[in-house]
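Welcome to my notebook. I went through this structure one entry at a time, and here is what I looked up.

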Amino acid sequence: MFYMKNGRNILLTFISIFLLSIMLLGCTNAKNEAETSEKVKDNILTIAYPRDVGEMNPHVYNPSQLFAQSMVYEPLVSYGDGGELKPHLAESWDISEDGKEYTFHLRQDVKFSDGTSFNAEIVKKNFDTILNHMDLHSWLGFLSKISSTEVIDEHTFKMTLTEAYYPTIQELAVVRPVRFLGEAGFPEDGDTSKGVVKPVGTGPWILEEHKADEYAIYKRNENYWGELPKVEKIQVKIIPDAETRVLAFEKGEIDLIYGEGMISLDSFKQLESTGTYETSISEPVATRQLVLNSAREKLSDERVRQALHYGFNKEAMVEGITSGLEETAEFILPTNLPYTSEIDVKTIKYDVKKAKSLLDEAGWTLPKGKTVREKDGKLLEIEMMYNSAEMIQKAMAETLQSEWAAIGVKLNIAPVELAVQVQRFKDNDFDINIYSNFGAPYDPHTFINIVAKEGFGFNEAISAYPNKAEIIQQIARVPQTTDETERQELYTSILTSLQDQGAIVPISYLKKTAIYQKDVTNFTFPANRDEHPFAGISIEK
């Protein structure tokens, strides 16, 4: 009797445990399904970024971040692949025969995120506000040439320049400062240089929540005039440390890490090798260059500059340091920029024998038993400065130091902070500097304008060029020409001369990297180096 009763109790206990397990499993599944459903419902893409997004003012610079500004504020004209300039807030535009008058025909179906209309009046207000602070914006060429802005009618805006300046349309595509703030965003005195009331733009995203130095959340602008984004929200987590960003990504807390320097090349390759994640590498966005100061006596001889170019194995250096993520550069500007595809320069390949021969010809000989070449009692000793925070620059400088030692050149490498590097370059206080150009949508005109500008390093670097005066004249002519054929010929001549005489040595093409979770689809890099990459992205759960 006891055993029967006890057996029945045990059986009931097992049944109870079994039923309880089913209930708990059901609850757990329901919870997981609810969490998954909630994530799908929220449809949020989470990215990591090292710095706060900033005050979201379209008319100022740091600490506002370019990608974030481009999410909320839009241009009249956008920059597409291959430098194609496409209608954006302006459906079309007319340029007068003399290249001075620009008439923009604005889209009529555009509203700001607060529901107010985008029209010629607000375009003029934004332009005039920017023009009132040319001390901030003089770097952007066309702005300093504007003589008047005019509302023709509700959807037609006219801008007149003091002289022809062909890059005007291209410069209108930059992320700042010529993007458009709605009326409600302006302070009472209209001076946005001191801040905005709130970020009101026409773009596909609206800033919903922001906690400085921690996160920012952007929600989809449901009334956006263009193609509606696939994801409903973008969450930006501020994570200053690169390794911490990677750990957060591996934990699944981050969906996407993209950009330049957002993740080390070693981490990128390691994560890529797991096969667990998706990766993308952009087309070239800029060129790493060595700028050799020909105003310095030792570098004034073209044979010495060319010897330095022949004297290192560029392909091996780029492959070894960047693990193949950067591409060896043959030209001082990437050929996916406008007017750069027809450049024809001398090909310089690694050739130690040729390098030594050129140095001998230049009078720099290597005495028996010595390791450094000499001339007139002076050593062939040169300094190269680089950004101390840039590991790739450091590795390249150390590689060049070693390789040039083999041809009898003593290279002293000088790590400096970025601000110091920039200032020394401007002050002509350098032998060799590691530099990279601005990229799209600024180049090639911004690059050559810097070359022509005194007090920015490049002008001094080409001091020894026998045709320097001609190059500077050609650079001055380029923005004024309204003839496409002449403009292409000028660019070809300028860029070829700059490179062939050896003061600017292309090293590698910089590229952006992106790594993202498997459920993130349709990621593409924008043609504009500074634009956000969120157009078209989807999350598939």
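Entry 1: Before anything else I noted the cut-off: a residue counts as buried when its relative accessible area is under 20%. I also reminded myself that this is a predicted model. Then I asked: how many of the nine residues of helix H8 are buried? I found seven of the nine in H8, residues 302-310, so this helix is largely enclosed by the rest of the structure. I wrote down the buried ones: Val304, Arg305, Gln306, Ala307, Leu308, His309 and Tyr310. I then looked at the N-terminal end of H8, which is capped by aspartate 301. A side-chain oxygen of aspartate 301 sits 2.8 Å from the backbone nitrogen of arginine 303.

**Entry 2: the whole chain.** I stepped back for the overall view. I counted 16 helices and 23 strands in the chain. Its C-alpha trace spans about 115 × 70 × 35 Å along the principal axes. There are 541 residues, and 52% of them count as buried. I also checked contacts between residues with a separation of 6 or more: 69% of these join residues 24 or more positions apart.

Entry 3: Which residues have the most contacts inside the largest nonpolar core? I found Phe127, Tyr218, Trp404 and Phe534, in a core of 109 residues. Apart from that core lies another one of 36 residues, including Ile332, Phe456, Ile471 and Val478. I went back to phenylalanine 127 and listed its neighbours, leaving out residues up to four places away in sequence. Phenylalanine 127 touches Leu76, Phe142, Ile146, Thr149, Phe157, Met159, Leu172, Val178 and Phe180.

- I found a cis peptide bond between asparagine 62 and proline 63, with omega about 15 degrees. Proline 63 is in the loop between strand S1 (44-49) and helix H2 (66-72).
- I found a cis peptide bond between arginine 176 and proline 177 as well, with omega about 10 degrees. Proline 177 is in the loop between helix H5 (168-171) and strand S8 (205-211).
- Aspartate 213 is not a glycine, but I read a positive phi of about 65 degrees for it. Aspartate 213 lies in the loop between S8 and strand S9 (215-220), and it is exposed, with a relative accessible area of 56%.
- Aspartate 376 is not a glycine either, and its phi is positive at about 50 degrees. I placed aspartate 376 in the loop between strand S15 (374-375) and strand S16 (378-379). With 73% relative accessibility, aspartate 376 counts as exposed.

**Entry 4: arginine 373.** Is arginine 373 buried or exposed? I found it buried, at 3% relative accessibility. Arginine 373 lies in the loop between helix H10 (352-361) and S15. I followed its side chain to two backbone oxygens. The one of tryptophan 364 is reached at 2.6 Å, and the one of isoleucine 407 lies 2.7 Å from a polar atom of the arginine 373 side chain. Beyond four places in sequence, I noted residues that arginine 373 touches, among them Lys356, Leu359, Asp360, Lys378, Leu380 and Gly408.

**Entry 5: the second largest pocket.** I looked into the second largest pocket, which holds about 780 Å³ of space. Its lining has 33 residues, and those nearest its centre are Ser78, His88, Glu531, His532 and Ala535. Strand S2 (77-79) and strand S3 (85-87) are the elements that give two or more residues to this lining. I sorted the lining by class and got 16 nonpolar, nine polar and eight charged residues.

**Entry 6: serine 267.** My last stop was serine 267, in helix H7 (residues 265-274). At 22% relative accessibility, serine 267 counts as partly exposed. I saw its side chain make a polar contact with the side chain of serine 264, at 2.9 Å. I also checked arginine 245, 22 residues away from serine 267 along the chain: the two C-alpha atoms are separated by 11 Å.

Notes:
Residues numbered from 1 in each chain as written. Predicted model: local features only at pLDDT ≥ 70, side-chain atom pairs only at ≥ 80, totals over all residues. Heavy atoms only, no water. Buried < 20%, exposed > 50% of the residue type's maximum accessible area, 1.4 Å probe, protein only. Helix = DSSP H or I, 4+ residues; strand = E, 2+ residues; numbered from the N terminus. Polar contact = N/O pair within 3.5 Å; in protein donor to acceptor, adjacent residues only side chain to side chain. Core = buried A, V, L, I, M, F, W, Y, C linked by side-chain atoms within 4.5 Å. Contact = heavy atoms within 4.5 Å. 1 Å grid on protein atoms, 1.4 Å probe; cavity = no way out; pocket = protein on both sides within 12 Å on 5 of 7 lines; lining within 4 Å. Points joined across faces, edges and corners; volume = space filled by probe spheres on them. Nonpolar A, V, L, I, M, F, W, Y, C, P; charged D, E, K, R; others polar.
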